[in-house]
Amino acid sequence: MLKIKRRKYLVKKDTQFRYMGLVLIPLVLLLACLYYLMYYAVFYQMLIPEAVISTLLPAMKQVNIVLMLCMPVLLFLLIYAGLVYSNRLIGPIPRLEREIDRIIAGDYSVRLKTRDKDDLRQFVNKINIVLEKLSKAS
Amino acid sequence: MKKNIAKVFLASAFFVCVCIVATPAIIYLRQFTFNEDKALAKWNKMILNGQVNYVLMKQGGNGFVEALSEKACSALYYRIGFKLKEYPVLSWKWKVLQFPDTSAAQSEDEKDDYAARVYVIFPFFSFSSSKFIEYVWSPDLPVGTVKTNPKAKNVKMIVARSGRSYGGEWVSESRNVYDDYIKVFGAKPNRNVGAVAIMSDADQTKTVAEAAFDDIAIERK
């Protein structure tokens, strides 16, 4: 079987960004909320300003430095993972559209192709079985 | 003559009754008399640097909290939410039995020990958006001195009592916290009080401080 290599991760910008946003924005918001809740819980437990100044604020400063250093790497990894995984679903669609257009035009010898890790692989395989049966019947 | 005496007596009695009825009773939101055995059960301890010994004491049936700090700094706080405008007055009694010795302190930080502090805490979304007022008994700073914490502008210290000449006697304070808030922060409070606290510390000077607190009350004007 012919192996198709992934050339572009960003195939359908709008759709991919929309799905990435649907996952990434809530995730970042959730992390931000957790960060704030942890900070507020400790602050509310301490309450005495001298305790907060001498203990919590220096600790938060360290956490913020670590976050500032890690955040670009973390964001890059999240966006990269988002691109890769959204590409597994959305990546084959433009090519499948082109191949289906050829079938509509009457070329039943066309077989739909997917990559090994594409989420639509099983679905496309079944369409190929239907196409096989159709071409045998005709 | 007898009739006149009776009239004067009746008039006086009437006047006294009117005075009693007309005198507005103080409306307390909460009073901490510390007379019960478990009076500190709902007070939380916040240890900053070593533990100050807060003990419930009784003297002639009157309970109070005695704080002994040996090179330590920790506070007792009580969570209570209320609108300052409705209950603007905080009153308490305190006495200082021993001031921390700041004679060897070389910086302002090292001098930052007070035998007795009373806090009013206005927690908000974060530390920097919260406000804090500390009333302290200073041995040398004049009454009314306002100091801003060098590490946080939202923490204001007001000298409520000054001097060493009280000889360990109880001194009563009554502060209009609402007015003090406006005075030190320059604006009306836009957040509720979340807690009141007491503290005695001697950790910076590495000496000993001892104070006592009693009859802390949150009241209407």
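Which are the buried residues of helix 2 of chain A? Select Pro49(A), Glu50(A), Ala51(A), Val52(A), Gly82(A), Ser86(A), Asn87(A) and Ile90(A) and you have them. Buried here means 20 or more other C-beta atoms within 10 Å of a residue's own, with exposed at 12 or fewer, partly exposed in between, and C-beta atoms placed from the backbone. Helices (H or I, at least four residues) and strands (E, at least two) are DSSP runs, numbered from the N terminus.

Before moving on: this is a predicted model, where local features need pLDDT of at least 70, side-chain atom pairs count only at pLDDT 80 or more, and totals for chains, interfaces and linings use all residues. Residues are numbered from 1 along each chain as its sequence is written, while chains are lettered from A and ligands numbered from 1 in the order in which they are written.

**Stop 1: helix 2 of chain A**

Show what covers those buried residues: the cover includes helix 1 (13-46) and helix 3 (92-104) of chain A, plus strand 2 (44-49), strand 8 (131-138) and strand 10 (155-162) of chain B. Now go to Cys70(A), where helix 2 of chain A bends by about 40°, with Pro72(A) following within four residues. The bend is the angle between axes fitted to the seven residues ending at a residue and the seven starting there.

**Stop 2: the A/B contact**

Colour the contacts next: twelve residues of chain A meet 17 of chain B, contact being C-beta atoms, placed from the backbone, within 7 Å. On the chain A side, helix 2 gives the most, with seven residues.

**Stop 3: strand 7 of chain B**

Select residues 117-122 of chain B; six of the six residues in this strand are buried. Arg117(B), Tyr119(B) and Ile121(B) lie on one side, with Val118(B), Val120(B) and Phe122(B) on the other. Then bring up its neighbours. Strand 8 of chain B runs antiparallel to strand 7 and is joined to it by six bridges, and Phe122(B) sits opposite Lys131(B) there. Strand 12 (residues 193-201) of chain B also pairs with strand 7 in the antiparallel sense, over five bridges; pairing takes at least two DSSP bridges. Look for Met199(B) as the bridge partner of Arg117(B).

**Last stop: Ala211(B)**

Finish on Ala211(B). Leaving out residues up to four places away in sequence, Ala211(B) touches Ala67(B), Trp94(B), Lys95(B), Val96(B), Leu97(B), Ala115(B), Ala116(B) and Ser200(B).

Definitions and conventions: Two residues are in contact if their C-beta atoms, placed from the backbone, lie within 7 Å.
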